[in-house]
Structures are given as C-alpha cells and as structure tokens.
Amino acid sequence: MATAGLYRRSLPSPPAIDFSSAEGKKIFSEALQKGTTEGFFRLISYFQTQSEPAYCGLASLSVVLNALSIDPGRKWKGPWRWFDESMLDCCEPLEVVKAKGISFGKVVCLAHCTGAKVEAFRTNQTTIADFRNFVIKCSSSENCHLISSYDRGVFKQTGSGHFSPIGGYNAERDMALILDVARFKYPPHWVPLKLLWEAMDSIDQSTGKRRGFMLISRPHREPGLLYTLCCKDESWINIAKYLKEDVPRLVSSQHVDSVEKIISVVFKSLPSNFNTFIRWVAEIRITEDAKENLSAEEKSRLNLKQVVLKEVHETELFKHISKFLSSVGYEDSMTFAAAKACCQGAEILSGCSSIEFCCREVKCVNGAVEVEGTVVTGVVVRDGSEQNVDLLVPSTQTDCEYGPEATYPAGNDLFTVLLLALPPQTWSGIKDQALMNEMKQLISMAFLPTMLQEEVLHLRRQLQLLKRCQENKEEEDLAAPAY
C-alpha cells in the first residue's frame, strides 16, 4: 500500500523551541555572549541532512568528523576525501543500518574505527551534572563535539530513538541546542537540558540498554593510509571469527615446524569471501598514478603511501610470505592479474577460446564504490590488431587455466600487514618454542618503522572492534580498544 507523502512535522513547542524563532534567536544570542556556542560554528559549517530515515547515527558522526577536520584517508567522490555516511561501513553493514537503524554501541564503534578520540557514557554510567559539564566543555570549544542518543517521545516528537549533535548551551536557561540531522522532519531546536537527560535516560528496546552520549575529538592517530577493513556485508562476522579464533587454534593444533608452514596453514584455510573484508584504499596501483595534474598534496600522499608499501616489502615477514606464495605458484602482480582478466574479457567479447591473446598497457582500478570488484583496462593485441578492453572483475572470480593453480584473495603485502595486525598472543600456541619466538619477533611492533606501525595499529584497532561486534559486546564495552 502506498504511503502518503509528508512535508516536515510541526515542532512540538513546548518543550522545544525552534532555533530560528524569535525566542530561539534570543536564547542563542545569550549563549553566544557567554561563549557556549563556539562548537556551533564548526558543526553548522559541515552540517548535513541524513540521507536515509535510519541514518541519523551515521549522519551525526559524519558531521562531527568533518567539523573536526579529520582526514578519512580515502576518497568520497572524484578527488575529494570527505566523510560521508556511505563510508561508515565498519562495525555494521550499511544495508543493516538502512533497514534497522544503528545502536549506541555501534556508533561508538564507528567513531573509534575512524581513529577519533572517543569518550562514551550511558546515563547509568554518569550523572546529569557530569553531562552538563561535558555539554559546556564541547559547546565552549571547536576541538570537541558531543553526540546525543535520545528518545524523541520525551519531547512529544514522532519517532523513538534518534542521534544528533549538540550545538550549544544556554547556562541561564539550562537549555541545550539539538542540531537535528533529520532536517526533513524537524528544525534545530532548544530543549531543557534536564529533559534531554530524561530522553537519554531511556531504554533502547533493541539492546535492552540505556542510551547516552559521546564526546568526539581529534584522533590519537590518523586512519591507515593503505588499508582498512570492510564490513559491506555480514560475511565479516565469519572472517573476524576466523582471524581471532580459528587462526590461533590452527597454529596450535597442527604440527608447524617453520614460518612457511605457519603461513601455509593460515592462508590455505582463508574464508572464500575474504576479498570483501579488507579493502585497498591506496591509489598507488591505479590509473591516477600516471596523471600529470595531481595536486602537490596528492603527490605527497602518494609518496607517503609508497613509503609505507616499501616498508611492508622490507619486513622479514613479507619475505617469508613471498617465498611461500611463490612456492605454490602464486603471482603477486596486479599487472599479471589485470592482463589475465583482459584476455578473458577479449575471449568473451570475441567468442574465441584461443589463448593467442596478449595484453599490454594494462592498468587496474581497485575499490570502486558502487561495485564489488576490480575494473581493469588494457590494450588487447591479437594477430596484429589492437582493441581497448575495459572489464569488471568480480571479487569472487577464481583463477582461470592461464593463471596460477593456487587461488589466493590478495597480494603478498596485504597478507603481511594482516598478520602483523593480529594480536601477538595469536602465536602463543605454537609448540616449538624457538619457532614461536621467531614468529613473535617477525610480527613485533618494535622492529617496524613508525609509519608502518601506525598502519598496523589502525587495522589492529579495527580487528579488536570487530571482535567486540562478533561477540555482541559492543554495547558493553565502549572504551577505546587496547592493543
């Protein structure tokens, strides 16, 4: 049955006061004179309307991250690096959020995943006096912002659970400014702080826990330059379990007598959908590298990424992984893979099953936003004639008869960084003491350059957060992950 269209709602007042009303302006002016709207100007400069009815948590977090000038390290659209709801896909698949919304714990998890400094509290973990002090702190600064999770019903508004940033505070009236990200529904509005506390001090029926608030400020460290975990679908649950539980069990239960044997045990058991779990976000191997009109900043970033990749290649662990994969016939070459895909594409397009195709000038574009896979482009040469071929290679594609016999979902460098990101206790079950010590030395952070350390810590932080989600503990533990 079709649903009648709605154009906004009338803001119930009282208890709320429309920000743009005469009274709302007066309250703002009073707060401005007292210095408790400093955070407002940053937030309003980057304010956005949630793009889906259930995206209030994602929109609130995007506004705050952009207001804090946190660089996501990956592109949104075109050349622009920018936080958008569509990029907040760690901890909870976007399709799940779109259908069911998102819990307080999952939004906290997402904030941690971005590398931001996060302090989160449920109402039963703090007091209204503490909350008021936190509101004053963030409203008086450009370096800290507060997101509130509350029940709209307390304000006589339609709907139930909601997220929005707090944009200011009026001490004389004890009122907080809610910058409602559902601008299609309600405008920004002032509410009594005591009533906001009451709205937060409610039970989220989906988790059985109280709502609360989180303070978000500049990150301890920026997100990784090259790698990030992808939770585009629920396959990550099984993969997180494999990495955090199955790998330690495998290396402790099987007889391993060398580093190569450990690597063999780990990677021959990788889940088939591992490709979607870890996403390459560097532009090192894509067509932009050849462009001459890159900005100085982008050239600098590409140089940094190349430095990190070089640091990965110089680790002893990378050498062991390369040796193992080479022994099973794996070719770690994006050009090789792209050429193979182009030849396959040429066969399909021509209807010819001959293997007399060769490919040159092959380039590879990874990480397409709207599709699962890799776009390869190349010039296919056959019998002296040339043809441009662009082909989408699905991430689930397996190797053909021309490729290596072994099928592995990623390259040597990705394998290396993933193993480095696993917690040191992963290898504690190795029975050979000398081998266990050798493995721990190979993955020791103490021997890694600073930039690679940050890359590894970024992934390790994400893995810890995903483990919480996989164990359904994200609503219980709101603190930053320990390494």
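Let me start with a cluster: ring pairs join Phe-121, Phe-131, Phe-134, Trp-197 and Phe-213. Rings of Phe, Tyr and Trp (its six-membered ring) pair if their centres lie within 6.5 Å; planes under 30 degrees apart are stacked, over 60 edge-to-face, and the rest tilted.

A word on the source. This is a predicted model, where local features need pLDDT of at least 70 and side-chain atom pairs count only at pLDDT 80 or more, while totals for chains, interfaces and linings use all residues. Residues are numbered from 1 along each chain as its sequence is written, and side-chain values use heavy atoms, with hydrogens and water left out.

Back to the rings. How many aromatic pairs does a search of the whole structure find? The number is 13. In one of them, the ring centres of Tyr-46 and Trp-82 are 5.8 Å apart and the planes make 45 degrees, so this pair is tilted. Tyr-46 is in the loop between helix 2 (38-45) and helix 3 (56-67), and Trp-82, 36 residues apart from it, is in the loop between strand 3 (80-81) and helix 4 (94-100). Helices (H or I, at least four residues) and strands (E, at least two) are DSSP runs, numbered from the N terminus.

Tyr-46 counts as partly exposed because its relative accessibility is 24%; Trp-82, at 30%, is also partly exposed. The cut-offs are these: buried is under 20% relative accessible area, exposed is over 50%, and partly exposed is in between (1.4 Å probe, protein chains only).

Next, Phe-131 and Trp-197 form a tilted pair, 5.9 Å centre to centre with 40 degrees between the planes. Phe-131 lies in helix 6 (residues 128-139) and Trp-197 in helix 7 (residues 193-200), so the pair ties together parts 66 residues apart in sequence. Both residues, Phe-131 and Trp-197, are buried.

Now the cores. A nonpolar core is a set of buried Ala, Val, Leu, Ile, Met, Phe, Trp, Tyr and Cys residues joined through side-chain atoms within 4.5 Å. The largest has 100 residues, and Met-214, Trp-427 and Met-439 have the most contacts inside it. Where does this core lie? Domain 1 (17-217) and domain 2 (227-471) both give residues to it, so the core lies between them; the domain bounds come from an automatic or database domain assignment.

Apart from that core lies another, of 25 residues, including Phe-121 and Cys-144.

Last, Glu-474, in the segment after helix 15 (450-470). Is Glu-474 buried or exposed? Glu-474 is buried, because its relative accessible area is 8%.
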